[in-house]
Amino acid sequence: MVNFREVNEDDILKEWLDFREETTLCVMSPHDKKHRIYFEEISEKILENVPKQNQKFVQKQLDQLDKNYNDYLCHWNEKYYRNGFVDGAQLVIGCLKE
């Protein structure tokens, strides 16, 4: 039996999550926009207040922070949605068995 809680090479659930992220989840409602993190604007404000000789280093660190944060969000979102989907499927399967 396939374990959908684990990410595999040929993972249809991963493909579905990626599809949802590229289509539905990338459209932001006005409510979503209120809770958006304006990373570019924050980075610009930080860089405006950093001495010229340190700007390259600080920019590199901000880029790394942005990448790490996005990786973190992707990991937890996938884990949350994957486990929620599996839990829901197990509930349905459990109801059908009885």
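Is glutamate 40 buried, partly exposed or exposed, and what is its relative accessible area? In this predicted model, glutamate 40 is partly exposed, with a relative accessible area of 44%.

## Salt bridges

The structure holds three salt bridges, and one of them joins glutamate 40 to arginine 36, with 3.7 Å between the closest N and O atoms. Arginine 36 is itself partly exposed, at a relative accessible area of 33%.

A further salt bridge links lysine 67 with aspartate 71, their closest N and O atoms lying 3.0 Å apart. These two residues are separated by about one helical turn, because they stand four residues apart in helix 4. Aspartate 71 is partly exposed at 41% relative accessible area, and lysine 67 is likewise counted as partly exposed, at 47%.

Glutamate 78 counts as buried at 18% relative accessibility, and arginine 82 is buried with a relative accessible area of 3%.

## Nonpolar core

The largest nonpolar core consists of five residues, namely Phe39, Leu47, Val50, Val58 and Leu62. Helix 3 (39-48) and helix 4 (55-97) each contribute at least two residues to this core. Beyond its neighbours within four places in sequence, valine 50 is in contact with Gln55 and Val58.

Notes:
Residues numbered from 1 in each chain as written. Predicted model: local features only at pLDDT ≥ 70, side-chain atom pairs only at ≥ 80, totals over all residues. Heavy atoms only, no water. Core = buried A, V, L, I, M, F, W, Y, C linked by side-chain atoms within 4.5 Å. Buried < 20%, exposed > 50% of the residue type's maximum accessible area, 1.4 Å probe, protein only. Contact = heavy atoms within 4.5 Å. Salt bridge = Lys/Arg side-chain N within 4 Å of Asp/Glu carboxyl O.
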